[in-house]
Amino acid sequence: MIKAVIFDLDGVIVSTDELHYLAWKHIADQEDIEFNKNINHRLRGVSRMDSLEIILENAKKTYSKQEKEALATKKNNYYIELLSSLGAKDILPNVFELLNQLKGKGIKIAIGSSSKNAKAILKQIKLNDIFDVVADGNDILHSKPAPDVFLVAAKKLGINPKHCVVVEDAVVGIEAAKAANMTAVAVFDAKKSNFADYKFNDIRDILTLI
Ligand code: BG6
Ligand code: MG
């Protein structure tokens with residue numbers, strides 16, 4: 001029996017892929033590190049520091065912990081500048097309608113995101129009041145594919161993980177949902193995953209599970 005739906009944020013509620021890409025590209029170009037959209041796909045669902053490690057696989061030098069932290073901060077500052085262009089118009093198709101329908105049916109809704117900017121993004125797209133709880137990169141030590149962020153969301157909701165559905169656009173996010181013992185719904189890129197319980201083209205199909 002489904003009692004809650006936990007939504008990933010980036011790529012499920014709103015598309016920030018291009019903004020992450022532009023911000024990392026800016027850093028990679030400055031450091032003369034090869035970075036392209038294929039590499040960017042690997043950053044989906046992965047924390048900021050883990051993303052940086054993936055980018056640095058192509059670096060020509062070794063970076064110290066302090067240098068890595070400085071690069072991640074620089075990337076984030078640039079990313080935050082880019083986020084200012086985001087608004088309610090950027091909420092992905094059918095999402096707003098689905099959230100309201102779930103609430104109407106008494107289903108709890110939550111965010112489970114690796115991003116430390118999740119709350120700022122929700123405010124920017126005017127969805128800061130709709131979710132029952134938000135679990136994000138500030139609540140966890142281990143990002144997806146570890147189950148932590150979804151378990152935190154379930155705990156904040158007070159709902160057993162087996163009654164939670166996770167909606168993800170990242171393959172690592174599907175792995176995280178299964179590791180949390182939740183039902184995993186794949187949308188967009190996550191449909192590549194072999195572990196998804198359901199693969200939907202229209203996010204509103206989640207209503208068929210309720
Ligand atoms: C995830 C994104 O939601 O958040 C990743 O899919 C990103 O691409 C991660 O690296 C961390 O985001 P932030 O905003 O904390 O740098
Ligand atoms: Mg995502």
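Which residues does Phe7 touch, not counting residues up to four places away in sequence? With contact meaning heavy atoms within 4.5 Å, Phe7 touches Val12, Ile13, Leu98, Leu99, Leu102, Ile109, Ala110, Ile111, Gly112, Phe131, Val167 and Ile203, when residues up to four places away in sequence are not counted.

## Basis of the description

This is a predicted model, in which local features need pLDDT of at least 70 and side-chain atom pairs count only at pLDDT 80 or more, while totals for chains, interfaces and linings use all residues. Residues are numbered from 1 along each chain as its sequence is written, chains are lettered from A and ligands numbered from 1 in the order in which they are written, and side-chain values use heavy atoms, with hydrogens and water left out.

## The nonpolar cores

Phe7 is among the residues with the most contacts inside the largest nonpolar core, together with Ile13, Leu127, Phe131 and Val167, and this core has 38 residues. A nonpolar core is here a set of buried Ala, Val, Leu, Ile, Met, Phe, Trp, Tyr and Cys residues joined through side-chain atoms within 4.5 Å; buried means under 20% relative accessible area, exposed over 50%, and partly exposed in between, with a 1.4 Å probe and protein chains only. The elements that give two or more residues to the core are strand S1, helix H1, helix H4 (65-83), helix H5 (95-104), strand S2 (108-112), helix H6 (118-124) and strand S4, where helices (H or I, at least four residues) and strands (E, at least two) are DSSP runs numbered from the N terminus. The largest share, four residues, comes from H5.

Domain 1 (4-15 + 89-209) and domain 2 (17-85) both give residues to this core, so the core lies between them; these bounds come from an automatic or database domain assignment. Apart from this core lies another, of 23 residues, among them Val133, Ala135, Ala180 and Ala190.

## The magnesium site

The magnesium ion (ligand 2) is coordinated by Asp8 (OD), Asp10 (O) and Asp169 (OD), at 2.0 to 2.1 Å. Donors are N, O and S atoms within 2.8 Å of the metal (3.2 Å for Na, K and Ca), and because water is not among the atoms, sites may look incomplete. In sequence, the donor residues of this magnesium ion are spaced D-x1-D-x158-D. Asp8 lies in the loop between strand S1 (4-7) and helix H1 (17-31), and Asp169 in the loop between strand S4 (164-168) and helix H8 (171-179), so the pair ties together parts that are 161 residues apart in sequence. Both Asp8 and Asp169 are buried.

## Aromatic pairs

The structure holds three aromatic pairs. Rings of Phe, Tyr and Trp (its six-membered ring) pair if their centres lie within 6.5 Å, and planes under 30 degrees apart count as stacked, over 60 as edge-to-face and the rest as tilted. The rings of Phe7 and Phe131 have their centres 6.3 Å apart and their planes at 65°, so this pair is edge-to-face. It links distant parts of the chain, with Phe7 in strand S1 and Phe131 in the loop between H6 and strand S3 (133-135), 124 residues apart, and both Phe7 and Phe131 are buried.

The rings of Tyr21 and Phe35 have their centres 5.5 Å apart and their planes at 25°, so this pair is stacked. Tyr21 lies in helix H1 and Phe35 in the loop between H1 and H2, so the pair ties together parts that are 14 residues apart in sequence; both Tyr21 and Phe35 are buried. Phe35 is also touched by Ala28, which touches Ile33 as well, not counting residues up to four places away in sequence. Ala28 is found in helix H1 and, at 1% relative accessibility, counts as buried.

## Salt bridges

The structure holds 18 salt bridges, a salt bridge being a side-chain nitrogen of Lys or Arg within 4 Å of a carboxyl oxygen of Asp or Glu. In one of them, Glu57 pairs with Arg42, the closest N and O atoms being 3.2 Å apart. Glu57 lies in the loop between helix H3 (48-56) and H4, and Arg42 in the loop between helix H2 (37-41) and H3, so the pair ties together parts that are 15 residues apart in sequence. Arg42 is partly exposed, with a relative accessible area of 43%.

Asp17, Arg44, Asp169, Asp189 and Lys192 are linked in a network of salt bridges.
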